[in-house]
Amino acid sequence: GAHHSSSAIMRWASLLLLSAALSCTRADVINCTTALTVIGCPNATLNGDYMGDGFTQQGAVDFDKAPLSLRSMYWCGDDQCQWAIAEGTGEIGKEIAFAICPTCPKVPTWGSDFNQTWQVLNETGAWVDAPDMSVSCCTFEPEKCDDCDETETCNHPFITCDAHPCCVWDPDAYCHCKNIDHHCIHNSSRV
């Protein structure tokens with residue numbers, strides 16, 4: 001009896017650990033910090049790929065498509081809208097929101113399970129529903145200079161800086177990594 005019980009307990013404990021591991025993996029899969037794709041927005045300039053730049057401001061995460069940013073926990077007026085597409089400096093009162101998602105949760109990373117109801121600013125300045133608009137995680141195509149490190153890769157004097165394919169000379173007199181224009185892989189399944 002006792003041996004059977006401890007064996008059953010071990011199997012139960014193993015199943016719990018496996019279940020916990022799978023739930024952690026699932027959480028990693030649905031949280032996106034690399035890149036997002038916007039489709040179906042009536043304002044076509046807002047559609048496209050927004051790349052995560054690692055920048056956070058007071059807990060908010062930025063995904064950029066210059067000059068626009070798709071931001072988590074964006075503040076718009078008297079109501080915190082959580083996620084928004086905006087242009088500006090990131091300071092309250094110094095940027096314009098063009099789209100908001102009042103139904104998205106107040107979390108710093110994008111999840112594929114979000115209940116998305118987007119609204120866009122129309123030509124009269126009113127917020128209107130955009131039922132065909134959605135945002136999804138995407139993976140960006142790897143680029144040859146993704147691993148560029150300024151202290152290692154671009155530690156060059158002026159004369160040899162531009163000879164390295166990942167480096168560029170800055171007018172402030174130093175060699176640094178080139179900006180990479182990432183793009184999403186759209187033929188893969190989106191999260």
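A: A disulfide here is a pair of cysteine sulfur atoms within 2.5 Å. The torsion about the S-S bond of Cys101 and Cys104 is about 75 degrees, so that disulfide is right-handed. The two sulfur atoms lie 2.1 Å apart.
Before we go on: this is a predicted model, where local features need pLDDT of at least 70 and side-chain atom pairs count only at pLDDT 80 or more, while totals for chains, interfaces and linings use all residues. Residues are numbered from 1 along each chain as its sequence is written, and side-chain values use heavy atoms, with hydrogens and water left out.

Q: How many disulfides turn up in the whole structure?
A: Six, from a search of the whole structure. Among them is the link of Cys154 to Cys167, with an S to S distance of 2.0 Å. Its S-S torsion, for Cys154 and Cys167, is about -95 degrees, so this disulfide is left-handed. Another joins Cys161 to Cys175, S to S 2.1 Å. The link of Cys161 and Cys175 has 85 degrees about the S-S bond and is right-handed.

Q: Where in the chain do Cys161 and Cys175 sit?
A: For that you need the element names: helices (H or I, at least four residues) and strands (E, at least two) are DSSP runs, numbered from the N terminus. Cys161 is in helix α2 and Cys175 in strand β13, 14 residues apart, so the pair links distant parts of the chain.

Q: And what does the disulfide of Cys154 and Cys167 tie together?
A: That disulfide joins Cys154 to Cys167. Cys154 lies in the loop between β11 (134-137) and α2, and Cys167 is in strand β12, so the pair ties together parts that are 13 residues apart in sequence.

Q: Are these cysteines buried or exposed?
A: The general idea first: buried means under 20% relative accessible area, exposed over 50%, and partly exposed in between (1.4 Å probe, protein chains only). Both Cys154 and Cys167 are buried, and so are Cys161 and Cys175. Cys101 counts as buried because its relative accessibility is 0%, and Cys104 is buried too, at 2%.

Q: How do I read strand pairing?
A: Two strands pair if DSSP finds at least two bridges between them. Take β12 (residues 167-170) and β13 (residues 174-177): four bridges join them, and they run antiparallel. They form a hairpin with three residues between them, and Ala173 in the turn has a positive phi of about 70 degrees.

Q: What about aromatic rings?
A: Rings of Phe, Tyr and Trp (its six-membered ring) pair if their centres lie within 6.5 Å; planes under 30 degrees apart count as stacked, over 60 as edge-to-face and the rest as tilted. That rule gives three aromatic pairs. In one of them, the rings of Phe158 and Trp169 have centres 5.3 Å apart and planes at 80 degrees, so the pair is edge-to-face. This pair also links distant parts of the chain, with Phe158 in helix α2 (residues 158-161) and Trp169 in strand β12, eleven residues apart. Phe158 counts as exposed at 53% relative accessibility, whereas Trp169 is partly exposed at 25%. Elsewhere, ring pairs link Phe63, Trp83 and Phe114 into a cluster.

Q: Is Arg71 buried or exposed?
A: Arg71 counts as buried because its relative accessibility is 9%. You'll find Arg71 in strand β5 (residues 68-76).

Q: What does the side chain of Arg71 contact?
A: A polar contact is a pair of N or O atoms within 3.5 Å; within protein, one must be able to donate a hydrogen and the other to accept it, and residues adjacent in sequence count only if both atoms are side-chain atoms. Here the side chains of Arg71 and Asp62 are joined by a polar contact of 2.9 Å.
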